[in-house]
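Here is a short note for a colleague opening this model. Please keep the structure in view while reading.

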Amino acid sequence: MEILQRELIYIWYYFSVQLEQILGYWILGMLIGSAFSVFAKDGIHRAFRSLQGKRLGVLGIAAASALGIASPLCMYGTIPIAASFSRSGMRDDWLAAFMMSSILLNPQLIVYSAALGGTVLAVRIISCFLCGIAAGLTLLFFCREKPFFDFSGFEERESRDTDPNLLFRYLKNLLRNVKATGAWFFLGVLLSALFQRYVPADVMTALSGGNEAFGVLMAATIGVPLYACGGGTIPLLQQWLLDGMSIGSAASFMITGPATKITNLGALKIVLGMRRFLLYLAYVMLFSLAAGLAVNLLI
C-alpha cells in the first residue's frame, strides 16, 4: 500500500509539472481555434474558392497548402468543403494540397506546438506546408488523366455556428472544442507523466536520437498507432525531445501521426478508394522519412 501511495505521489508530481508547463498553450489554442472557426473559416474558404480560374501554376498549389493550414476544420469537415470545391471545377492538385495540409495542421495545433519551442514549431509549420505542396505536385505531374477523388455523396454541411449573438456563437464553439479535445489533452499529460516515471531517458535517445535514419523511421512508425489528438501528443513530444529525441524524428512523428489518425483514414478511404488510399499511405511514410532526415541534416 505504501509503495502504491508513493508511486501515485511521483506520478502526480510529474503530471502537475507537465500540466503547469503546457496548460496555457492548450487554453490559448482553444480560444484561438474557436475564433478562427467562428470568424475566419468562411473567409479562408472564400479565399480558396477565389483561386479558381486563375493561372497560378505551382503558386496555386502553394496557396492551397497555406489555406489548408489556416482552415480550422477536421478532415470530416474538410471533405464536404472540398467536395463543393470539386463540383465547382476546382483542380485536383489544388484540392490535394489543401486537404493534405489541412490534415496535418490547423491554427489551434500551431498554438499547441509553440510549447515545443520556436525551432520545433517552425519545423512543423514548414514541413506540413511542404507536404501539402508535394501532394499537389504529385497529382499535377502523375495523375492528370482522370479525377483523383470521388466525392459522390458528400454534401457541404450546414454551419453549427449560427447563433445570432456573436459572443454566444463563440462560446458554444469553444465548448465543443473543449469537449472534443479536453480528455485527449489530459490523457496525453498523464501518459507523459507515466513515461517520465517508468521509461528511462536513454531509451528514447537510443530509439529516436541522433541523425540516423533508424531513429526517424522509428518515430514515423510510432506516430501511426500513438496519435489520437494533436493536443494530446504535445506533452509526449515535449518529454521525448527533452529525453533526446532528434528534431527530425519529431518532425516525422508530427507528419505520420495526424496523417494516419484513424478518423482521418476513415474519411480518406471513402474518397480515394483502396488503390489510391494505399498510395496515400506510401506517400505519407516516404515524405515523413525524407522530411525527418532533411531536418536532422539541416539542424
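Is R6 buried, exposed or partly exposed?

1. R6 is partly exposed, at 44% relative accessible area. Buried means under 20%, exposed over 50%, and partly exposed in between (1.4 Å probe, protein chains only).

2. This is a predicted model: local features need pLDDT of at least 70, side-chain atom pairs need 80 or more, and totals for chains, interfaces and linings use all residues. Numbering starts from 1 along each chain as its sequence is written, and side-chain values use heavy atoms, without hydrogens and water.

3. The whole structure holds three salt bridges, each a side-chain nitrogen of Lys or Arg within 4 Å of a carboxyl oxygen of Asp or Glu. R6 pairs with E7 at 3.9 Å, N to O. E7 counts as buried, at 13% relative accessibility.

4. E7 also bridges to R197, with the closest N and O atoms 2.9 Å apart. R197 sits in helix 7 (residues 166–198) and E7 in helix 1, 190 residues apart. Helices are DSSP runs (H or I, at least four residues), numbered from the N terminus. R197 is partly exposed at 27%.

5. D93 and R91 form a salt bridge too, their closest N and O atoms 2.6 Å apart. D93 is buried at 5%, whereas R91 is partly exposed at 34%. Shared partners join R6, E7 and R197 into one network.

6. H45 belongs to helix 1 (residues 2–50). H45 is buried, with a relative accessible area of 7%.

Notes: Helix = DSSP H or I, 4+ residues; strand = E, 2+ residues; numbered from the N terminus.
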